Amino acid sequence: LRGDLKKQVPFPFSLLCLQVIKCKAAVLWEANKPFSIEEVEVAPPKEHEVRIKIMATGICRSDDHVVTGALVMPFPVILGHEAAGVVESVGHGVTSVKPGDKVIPLFVPQCGECKSCLNTKGNLCSKTDLGPCAGLMPDGTTRFTCKGKAIYHFLGTSTFTEYTVVHESAVAKIDAAAPLEKVCLIGCGFSTGYGAARQTAKVEPGSTCAVFGLGGVGLSVVMGCKAAGASRIIAVDINSDKFAKAKQLGATDCINPKDFNKPIHEVLMEMTGGGVDYSFEVIGRTDTMTAALACCQNNYGVSVIVGVPPTAQNITFDPMLLFTGRSWKGSVFGGWKSKDAVPKLVADYMKKTFVLDPLITHTLPWTKINEGFDLLRTGK
């Protein structure tokens, strides 16, 4: 309430907007099971928290990694981390957003106080929902209950629900005119891929690039490489049906490892006369991570891991690959400082600096979430 109204309205009235909300959510009760559409209770936002009405959410491979057990998280859980919505209410002390604002939740927050936030080179805020308190709000509790049971959060966002609660450091206000069903992709997939090329690798004009994996994130890497002025962008995928869209978005060559009788890194080395300047692994497999490293130019090539690595798996590789000068880097959320970058990326989209429509293959009512995951798993 505005200051002048606070003097006129009895205090209990100001609490009316901060009640428990009952709504529908897609709950994952255990691994390798379908999502269950349930009625859940969403608690009011506490201090420095924001409750959001989710208007559109994307399905990301990282969500499926939890379903299959490749990414270990506590159950039961509400997944989802790529979304856009409208602020429903805010807790005490929130100053960056207000009810009615269009926003994007941030699975990589930006607290502005930790070492990564304060360093110009970093973006992985210490308040990210990874580590010993995974699945909980910063105060160690949850805002979701269902059938009397506490439901865990996912990456501090949990967007497979009609309403969610996030910390203020994990939400960005965006242009009020932005189409939420499009810009929700800036919450993860597009920003992650585009930024891996522009921010993390810093692809240069005239350079050569190889992109392993042509899902939404991989295609966004292709777009980033093209925007950076790469002269050759080689797209690699075992699903040749994805090649047409990759070329539409900037790929100059498309190759399927199944078409060759030799390791794919050797094919790429031959195609480029000694290796690419930049490579990107956008799948999340250890074998393709090492292949992407090996296909780089042996002295100054840079390889970036973009796909989420599987839990409890290690990589064995020849250290000579690095000794000669190659660089191996990781990229979370494209290297962007989220709270600063997301509104700017939305503004760039509104100015038609890049497109998002080609990344959207299907639009479904969210109650058909299991069908959406089936489309993801079949490469459609």
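Which residues does Thr324 touch, not counting residues up to four places away in sequence? They are Asn298 and Asn299, where touching, or contact, means heavy atoms within 4.5 Å. Thr324 itself is found in the loop between helix 10 (320-323) and strand 15 (327-330). Helices (H or I, at least four residues) and strands (E, at least two) are DSSP runs, numbered from the N terminus. At 28% relative accessibility, Thr324 counts as partly exposed. That class falls between buried, under 20% relative accessible area, and exposed, over 50%, computed with a 1.4 Å probe on protein chains only. Thr324 and Thr367 are 43 residues apart in sequence, and their C-alpha atoms are 52 Å apart in space.

This is a predicted model, in which local features need pLDDT of at least 70 and side-chain atom pairs count only at pLDDT 80 or more, while totals for chains, interfaces and linings use all residues. Residues are numbered from 1 along each chain as its sequence is written, and side-chain values use heavy atoms, with hydrogens and water left out.

The chain is divided into domain 1 (20-189 + 336-378) and domain 2 (201-330), with bounds that come from an automatic or database domain assignment. The contact between them takes 11 residues from domain 1 and 12 residues from domain 2. The C-alpha centres of domain 1 and domain 2 lie 28 Å apart.

Helix 11 covers residues 338-350. Its 13 residues should span 18 Å at 1.5 Å a residue, and its end C-alpha atoms are 18 Å apart, which agrees. The expected span is 1.5 Å times one less than the number of residues. The buried residues of helix 11 are Ser338, Ala341, Val342, Leu345, Val346 and Tyr349. They lie on the same side of helix 11, because they cover an arc of only 135° around the axis. That arc is taken from the directions from the helix axis to the C-beta atoms. What covers these buried residues includes strand 5 (102-105), strand 9 (171-173), helix 4 (180-183) and helix 5 (189-201). Helix 11 is followed by Lys352, whose phi is positive, near 65°.

The C-alpha atoms of Glu39 and Lys352 are separated by 39 Å, and the two residues are 313 residues apart along the chain. Glu39 lies in strand 2 (residues 36-42) and is partly exposed, with a relative accessible area of 42%. Leaving aside neighbours within four places in sequence, Glu39 is in contact with Lys22, Cys23, Lys24 and Cys146.

How many disulfides does the count come to? A disulfide is a pair of cysteine sulfur atoms within 2.5 Å, and by this rule the count comes to zero. The sulfur of Cys146 has its closest cysteine sulfur in Cys23, 10 Å away, so the two are too far apart for a bond. Cys146 is buried, with a relative accessible area of 0%. For Cys209, the closest cysteine sulfur is in Cys225, at 3.7 Å, which is also too far for a bond. Cys209 counts as buried too, at 0% relative accessibility.

Charged side chains come next. Side chains of opposite charge can pair when their charged atoms come close. A salt bridge is a side-chain nitrogen of Lys or Arg within 4 Å of a carboxyl oxygen of Asp or Glu, and a search of the whole structure finds 15 salt bridges. One of them joins the side chains of Glu49 and Arg143, at 2.8 Å from N to O. Glu49 lies in strand 3 (residues 49-57) and Arg143 in the loop between helix 3 (115-118) and strand 6 (144-146), so the pair ties together parts that are 94 residues apart in sequence. Both partners are buried: Glu49 has a relative accessible area of 4%, and Arg143 has one of 3%.

Lys98 forms a salt bridge with Asp101, with the closest N and O atoms 3.0 Å apart. Here Lys98 is partly exposed, at 46%, whereas Asp101 counts as buried, at 7%. Glu270 and Lys262 form another salt bridge, with the closest N and O atoms 2.9 Å apart. Glu270 is exposed, with a relative accessible area of 54%, and Lys262 is partly exposed, with 36%. Elsewhere, salt bridges that share partners join Lys46, Glu49, Asp139 and Arg143 into one network.
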